[in-house]
Each structure stands twice: as structure tokens, then as C-alpha cells.
Amino acid sequence: MSTANGTTNGTTTVITNIASLVTNDPSLGDGSPLGLIQDAAVVIDGDRIAWTGDSREAPATDNRVDAGGRAVIPGFVDSHSHLVFAGDRTQEFNARMSGRAYSAGGIRTTVAATRAASDEELERNLTHYLAEALRQGTTTFETKSGYGLTVEDEARALRIASAHTDEVTYLGAHIVSPDFADDPAAYVALVTGEMLDACAPYARWVDVFCEKGAFDGDQARAILTAGKAKGLHPRVHANQLSYGPGVQLAVELDAASADHCTHLTDADVDALASGDTVATLLPGAEFSTRAEWPDARRLLDAGATVALSTDCNPGSSFTSSVPFCIALAVRDMRMTPDEALWSATAGGARALRRTDVGRLTPGAYADLALLDAPSHVHLAYRPGVPLVGEVWRRGVRVA
């Protein structure tokens, strides 16, 4: 069998008896953005999807898998995480839940632990959380540096991450390094100079925390512009803790995503709706900090593209569960179950500017999850229940 991209593998597999198949192609099935096909089958050829459709029309294949009346969805695309770190911030979380407000300064605790950790410890921690996420259906993930804040520590974080994903982000501009507390301008010069030179070979993206207590608009512009000059595409931590210039800067610089988007003016919403920058919402952070929820409904109704991701990090959102974030988005951010699933799959792919993941159509990677439920709606309907029964990545069952 030949796939849409012209490759063949020689070994094909059909997964049949699928109660509902989410393709994320509105030209298929029910014509909705999810492209739902009932009583469906999907054919895998090598690492790609070769065919989707009615199970009664599935072509002959070498292997056959019975989905047992379960739903099949694209693997989740987690486009925002911080997984190269050491230690945890249990005490900070406990204190915050007892009434202390969250601030960007807590990152310094993780910086100290990460600097003290060996490469082996950092990689072991990274792979632990990647495996945890995979079991919950995440087949594509982005992860960042940002807990080293020295040339050597940022470069080694990205080197370790790049061994496990192509979606690696240079975030030397997470906060001003404690070593430069009295001279932020010198730290910006380091981030845009020697540190960038050391990190760029391992990264695809450049990111900055544009926020009070981190980097202002002018500093963020300098950092992102320097990254672009080195071939890194921008992403922005924008408008999380307060109103600010982050979203507007992201759209102006054609950033792939503006992440958090909690405090938005009408002009910010209009900018996101009129540009190609995805608004990536991270409800785990609001859950873990008792902060104001982003208004996903406002963004969607304006025509902005929305992604959902975990923001998995040891300080403000220590969850690797996209299903949990979907449930939060439906309950507290006014998204429908369909919108939340699309945002966690196709939306995440848009935030990474990928067309080969986040959908189950011919030519896309065979990344999918089988749910122990007949419909994707159960992800929000049954919050906290481990519904992901099987995970396939690049055509191979991996969980």
C-alpha cells in the first residue's frame, strides 16, 4: 500500500471496529472540524496513516486490530512544557495553596536544583515525565530550557532535550539569572550573544517570558529578534500574570504561539484573530495557582486559533495530563468538548506549525490513542479517569 506522501512500508495494519474516529479533517465523516467518522477503520502503512473511512470499506492489510467499539483520536500534541529540570517545589505549592500568591520568582528554586544536577539526572527526569505523558496519549511534545540560565546549563538542557524531540525551545530568557540580578541588561546581552550561539544548534524555537518580574517588551523584542537572526522561530510567554505587550509582540514577530493569554485587551484578541499566531492556553497553571482562567470562549468567538497544552513544570503546573487540561478547559474556560479536543491535537500542531501530527488523515504520522470509551466527549465527561487504553506512535503500539 502507498501512503499519500508516496512512501511504502510493506507491512500494513488496519484498526477496525472503531465506534468514533476523530480525523480533524472537516472534509471527512460528519463534516465538523473534528471530521468524525462513526463505525470507522484506520489503515497504517509503516509510520503513516494510509486510509480512513467506514469499517465496511477498509482495504485488505497484513495485520488487523479490533478496537472493540472504542473511540480513536489523534495523539495529543503538547506544544508547551518545561521538562528539563531537577527537584520539585512542593513547599512552594503547599504555601501557595495556604494563601501565598504565585510570582515568577519561584523559578529560582528550580534553577539552583537544575544547575546542581548531573546530565544523567536531568535526562532520567525528562524521560520519566515523557513516559508518563505518553501513557496518557501525548505523542508529540515541545519542551524548553530555562532552568539553567548559564551558557553551559542552557546548552546542556537543550542538548538533552533534542535527543528526545525535534520540538526544542531555547528559553534562556525565562527570568533574569540570579547571577545578573543587579544588571539585567548584561543578562539580555548574554542571552542574545554567547548563550544564543551555544544553544541555537540544539533548538528550533526561541521563547521569552514577557512579564513583570521577568522581561519587558523591549528586552523581549531584542531576544526574539536575535533568535530569529540565528534561524530560531519565536514563541512567547505572553500576558500570563498581567496585561502587557507580549501578545502584540508575538503577532508582530509572527510567533508560532502566544502562550497563557490570560489577561487580554480587545486589541490583543483582535491581533490573535487576524494573525497566524496561535493562542496556547495552559489551564493547569491556573488550576495550580488559583489564578484567573483564560477566556477561551472570547478567543474562539473572535476567530482566533486556540491550542491547549499542559505547561508541565515543577512550579506552576506540575501535570503531564492533557486529558486533565481538556476537562479543565471545558469546565472552566467555556470550551465545548469538541473544541477542547481539537485544540489539544490539531491546535497544538498549529502552535508547532506542523501538518504531519494532530490529525488522522492519509500522509500524517500514525500517532493515535484508543480511549476506553465510545466517544472523545468522555475525556471531559469523566474527568480524572484514565481513559487512554492504548497509544500508537509512528505506527507502533507504545503504551
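Predicted model: local features only at pLDDT ≥ 70, side-chain atom pairs only at ≥ 80, totals over all residues.
## Aromatic pairs

A pair of aromatic rings is described by the distance of the centres and the angle of the planes. Searching the whole structure gives seven aromatic pairs. One of them joins Y129 and F318: the ring centres are 5.5 Å apart and the planes meet at 55°, so this pair is tilted. Y129 belongs to helix 3 (residues 119-135), while F318 sits in the loop between strand 14 (306-308) and helix 12 (322-332), so the pair ties together parts that are 189 residues apart in sequence. The two partners can also be described by their accessibility. Y129 counts as buried because its relative accessibility is 13%, and buried means under 20%. F318 has a relative accessible area of 40% and is partly exposed.

Another aromatic pair is made by F287 and F324; it is edge-to-face, with 5.1 Å from centre to centre and 90° between the planes. This pair, too, links distant parts of the chain, since F287 is in helix 10 (residues 283-289) and F324 in helix 12, 37 residues apart. F287 is partly exposed at a relative accessible area of 45%, and F324 is partly exposed at 27%.

Ring pairs also build a cluster, whose members are F85, Y129, Y147 and F318.

## Charges over rings

Two arginines are placed over aromatic rings. The charged end of R48 sits over the ring of Y365, at 3.9 Å from the ring centre. R235 lies over the face of W205, and here the distance to the ring centre is 4.4 Å.

## Nonpolar cores

The largest nonpolar core has 87 residues, and those touching the most other members are Y170, F215, L272, L299, L308 and I326. Helix 4 (residues 151-162) supplies the largest share of this core, six residues.

What does Y170 touch, leaving aside its neighbours within four places in sequence? Its contacts are S145, E154, L158, V191, M195, L196, C199, A203, W205, V206, D207 and L232. W205, one of these contacts, is also the residue whose ring face has R235 over it.

Another core lies apart from the largest one; it has 15 residues, including V42, I49, V72 and L370.

## The second largest cavity

Rolling a probe the size of a water molecule over the atoms shows where empty space is left. The structure has two cavities of 30 Å³ or more. The second largest cavity holds about 60 Å³ of space. Its lining consists of D78, S81, L83, Y129, L130, A133, T138, F141, E142, T310, C312 and S320. Helix 3 and strand 7 (138-144) are the elements that give two or more residues to this lining.

## Strand 13

T280 lies in strand 13 (residues 278-281), and V278 is found in strand 13 as well. T280 counts as buried at 0% relative accessibility. Apart from neighbours within four places in sequence, T280 is in contact with S79, S257, A258, D259, H260, A307, S309 and A351.

V278 counts as buried at 2% relative accessibility. Not counting residues up to four places away in sequence, V278 touches A256, S257, A258, T305, V306, A307, G347, R350 and A351. V278 and R235 are 43 residues apart along the chain, and their C-alpha atoms are separated by 9.6 Å.

## Positive phi

Most residues other than glycine have a negative phi, and most peptide bonds are trans. Which residues other than glycine have a positive phi here? The table lists D254 and C261 with their phi values and accessibility.

| Residue | Phi | Relative accessible area |
|---|---|---|
| D254 | about 60° | 31%, partly exposed |
| C261 | near 55° | 1%, buried |

D254 is located in the loop between helix 8 (246-252) and strand 12 (257-260). C261 is placed in the loop between strand 12 and helix 9 (266-274).

Key. Residues numbered from 1 in each chain as written. Heavy atoms only, no water. Phe/Tyr/Trp six-rings, centres within 6.5 Å; stacked < 30°, edge-to-face > 60°. Helix = DSSP H or I, 4+ residues; strand = E, 2+ residues; numbered from the N terminus. Buried < 20%, exposed > 50% of the residue type's maximum accessible area, 1.4 Å probe, protein only. Lys NZ or Arg CZ within 6 Å of the ring centre and 35° of its normal. Core = buried A, V, L, I, M, F, W, Y, C linked by side-chain atoms within 4.5 Å. Contact = heavy atoms within 4.5 Å. 1 Å grid on protein atoms, 1.4 Å probe; cavity = no way out; pocket = protein on both sides within 12 Å on 5 of 7 lines; lining within 4 Å. Points joined across faces, edges and corners; volume = space filled by probe spheres on them.
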